[in-house]
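Colleague: I would like to learn how to read the main features of a model. Could we go through them one at a time?

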Amino acid sequence: MKKRMQKIIKEVLIFVVTLITGALISGVSFNLFDALTSTQVRVLFAIDIAILVVIGAIALLIYESKQSKKEREERFRERHNKRIEENERRMSGIEEIISCSKYAA
C-alpha cells in the first residue's frame, strides 16, 4: 500500500512538473511574440517543441526501462522457481530411495 501511494505521488509530481515546464515555455514564447520578428518566433517555437519532445522522450525512456527491468525480474523468478521445482522433484526421488534402503537393511 505504501509503495502504491509513493508511485502515485511520484507520477503526479512528474505530471505537474511537465505541465508547469510546458506552460512556462509556452508563456515565454507568447510574451516574446510581439517583441520578436516572425523568423525569431518560428525559431523559438521550434526550440519549444524540441524541449517538450526531449522531456517526453526522457519520461518515455524512464518508463520503458522500468518495464523492461520488471520483465527481466519476472523471467528470472520464473526460471528460478522452475529450477527449484526440478531440484525438489529430483530430491524427492532420492529421499524415497534412501528411506526404502533404510527399511530394507
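**Charge on the surface**

Modeller: Start with a positive surface patch, formed here by Lys 69, Arg 72, Arg 75, Arg 79 and Arg 83. Keep in mind that this is a predicted model.

Colleague: Which residues gather in a patch of negative charge?

Modeller: That patch on the surface consists of Glu 64, Glu 71, Glu 74 and Glu 78. Glu 78 is found in helix 2.

Colleague: How many positive and negative side chains does the protein have?

Modeller: There are 18 positive and 13 negative side chains in the protein. The centres of these two sets lie 3 Å apart.

**Overall form**

Colleague: How many helices and strands are there in the protein?

Modeller: The protein has 2 helices and 0 strands.

Colleague: How should I read the radius of gyration of the protein?

Modeller: Set the value against that of a compact globule. For 105 residues such a globule would have a radius of gyration near 13 Å, whereas the protein has 29 Å.

Colleague: What share of the residues is buried?

Modeller: Buried means under 20% relative accessible area. Of the 105 residues in the protein, 6% are buried. The protein exposes about 9,500 Å², and 66% of that area is supplied by carbon and sulfur atoms.

**Distances along helix 2**

Colleague: How do I compare separation in sequence with separation in space?

Modeller: Take two residues and read both values. Ser 65 and Gln 40 are 25 residues apart in sequence, and their C-alpha atoms are 37 Å apart in space. Ser 65 has its place in helix 2. Its relative accessible area is 41%, so Ser 65 is partly exposed.

Colleague: Which residues make a nonpolar surface patch?

Modeller: Met 5, Ile 8, Ile 9, Val 12, Phe 15, Val 16, Leu 19, Ile 20 and Leu 24 make one of about 860 Å². Among them, Val 16 is placed in helix 1, residues 2-31. Val 16 counts as partly exposed because its relative accessibility is 34%.

Colleague: Where does Met 1 lie, and is Met 1 buried or exposed?

Modeller: Met 1 lies in the segment before helix 1. The cut-off for exposed is over 50%, so Met 1, with a relative accessible area of 79%, is exposed. Met 1 and Val 17 are 16 residues apart along the chain, and 24 Å separates their C-alpha atoms.

Key
Residues numbered from 1 in each chain as written. Predicted model: local features only at pLDDT ≥ 70, side-chain atom pairs only at ≥ 80, totals over all residues. Heavy atoms only, no water. Patch = residues over 30% accessible without salt bridge, like charges linked within 9 Å, V, L, I, M, F, W, Y side chains within 5 Å. Areas by Shrake-Rupley, 256 points an atom, 1.4 Å probe, with all protein chains shown as cover. Salt bridge = Lys/Arg side-chain N within 4 Å of Asp/Glu carboxyl O. Lys, Arg positive; Asp, Glu negative; His and termini not counted. Charge placed at Lys NZ, Arg CZ, Asp CG, Glu CD. Helix = DSSP H or I, 4+ residues; strand = E, 2+ residues; numbered from the N terminus. Rg over C-alpha atoms; globule rule 2.2 N^0.38 Å. Buried < 20%, exposed > 50% of the residue type's maximum accessible area, 1.4 Å probe, protein only.
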